[in-house]
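This report describes the strand pairing, backbone features and side-chain interactions of the structure shown below.

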Amino acid sequence: QVQLVESGGGLVQAGGSLRLSCAASGSIGGISNMGWYRQAPGKQRELVAAISSGGSTNYADSVKGQFTISRDNAKNTIYLQMNSLKPEDTAVYYCNADVRPRLHSRYLEFWGQGTLVTVSS
């Protein structure tokens, strides 16, 4: 019914940049908060950045000034611009969204399948 599809991951050298995209599709009645999480090998999944439907943002301290989250509500899409990448940014990045499916009265949490970002030193 609702899918989140990420794209833009890959291999990059330290100091490089990548831009991730996440598009929500399907039977969507509304979307509130959207965000990016990441999970590095052997570590717990952590919030990277989030953005509300009105554009308010918050970031993990570790990526402030380095990553920028943005949103295109008309396309149900969010982006994560990642600059000055470091090897410690290597992780699987997951898109997350609170979506109200059509004909539903509540918002439900959805996850994308993840996209791998590898930063080589």
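In this predicted model, strands E9 and E10 pair in the antiparallel sense over 4 bridges. Within this pairing, Ala97 stands opposite Phe110 in E10. The hairpin of E9 and E10 has 6 residues between the strands, and Leu103 in this hairpin takes a positive phi near 70 degrees.

**The four-stranded sheet**

An open sheet is formed by 4 strands in the order E1-E3-E8-E7, with antiparallel pairing. Strand E1 (2–7) and strand E7 (67–72) are the edge strands, each of which pairs on one side only. On average, and with direction ignored, neighbouring strands of this sheet are turned by 15 degrees against each other. Inside the sheet, strand E3 (residues 18–26) pairs with strand E8 (residues 77–82) in the antiparallel sense, over 6 bridges. Leu20 has Leu80 in E8 as its bridge partner. A contact between a charge and a ring is also present: the charged end of Arg19 sits over the ring of Tyr79, 4.1 Å from the ring centre.

**Positive phi values in loops**

Most residues other than glycine have a negative phi. Asn76, in the loop between E7 and E8, has a positive phi near 50 degrees. Its relative accessible area is 25%, and Asn76 is therefore partly exposed. Ser84 lies in the loop between E8 and strand E9 (91–101), and its phi is likewise a positive value near 50 degrees. With 45% relative accessibility, Ser84 also counts as partly exposed.

**A buried loop serine**

Which loop contains Ser52? Ser52 is found in the loop between strand E5 (46–51) and strand E6 (57–59). Ser52 counts as buried because its relative accessibility is 18%, under the 20% limit. When neighbours within four places in sequence are left aside, Ser52 is in contact with Ser32, Asn33 and Arg71.

**The aromatic pair and its neighbouring charge**

A pair of aromatic rings is described by the distance of the centres and the angle of the planes. The count comes to 1 aromatic pair. The rings of Tyr37 and Trp111 have centres 5.0 Å apart and planes at 65 degrees, so the pair is edge-to-face, the angle being over 60 degrees. This pair links distant parts of the chain, with Tyr37 in strand E4 (residues 28–39) and Trp111 in strand E10 (residues 108–111), 74 residues apart. Tyr37 counts as partly exposed at 22% relative accessibility, and Trp111 counts as partly exposed at 34%. The ring of Trp111 also takes part in a contact with a charge: the charged end of Arg45 sits over this ring, 4.7 Å from its centre.

**Salt bridges**

Side chains of opposite charge can pair when their charged atoms come close.

| Residue | Partner | N to O distance |
|---|---|---|
| Glu46 | Arg38 | 2.8 Å |
| Arg38 | Asp89 | 3.0 Å |
| Asp61 | Lys64 | 3.1 Å |

Arg38, Glu46 and Asp89 are linked in a network of salt bridges. Arg38 lies in strand E4 and Asp89 in the loop between E8 and E9, so their pair ties together parts that are 51 residues apart in sequence. Both Arg38 and Asp89 are buried; the relative accessibility of Arg38 is 7%. Glu46, by contrast, counts as partly exposed at 35% relative accessibility.

Is the pair of Asp61 and Lys64 buried or exposed? Asp61 counts as exposed because its relative accessibility is 66%, and Lys64 is exposed as well, with a relative accessible area of 51%. Each value lies over the 50% limit for an exposed residue.

Definitions and conventions: Residues numbered from 1 in each chain as written. Predicted model: local features only at pLDDT ≥ 70, side-chain atom pairs only at ≥ 80, totals over all residues. Heavy atoms only, no water. Pairing = 2+ DSSP bridges. Helix = DSSP H or I, 4+ residues; strand = E, 2+ residues; numbered from the N terminus. Axes fitted to C-alpha atoms, helices over the stretch in contact; angles between N-to-C directions. Buried < 20%, exposed > 50% of the residue type's maximum accessible area, 1.4 Å probe, protein only. Phe/Tyr/Trp six-rings, centres within 6.5 Å; stacked < 30°, edge-to-face > 60°. Lys NZ or Arg CZ within 6 Å of the ring centre and 35° of its normal. Contact = heavy atoms within 4.5 Å. Salt bridge = Lys/Arg side-chain N within 4 Å of Asp/Glu carboxyl O.
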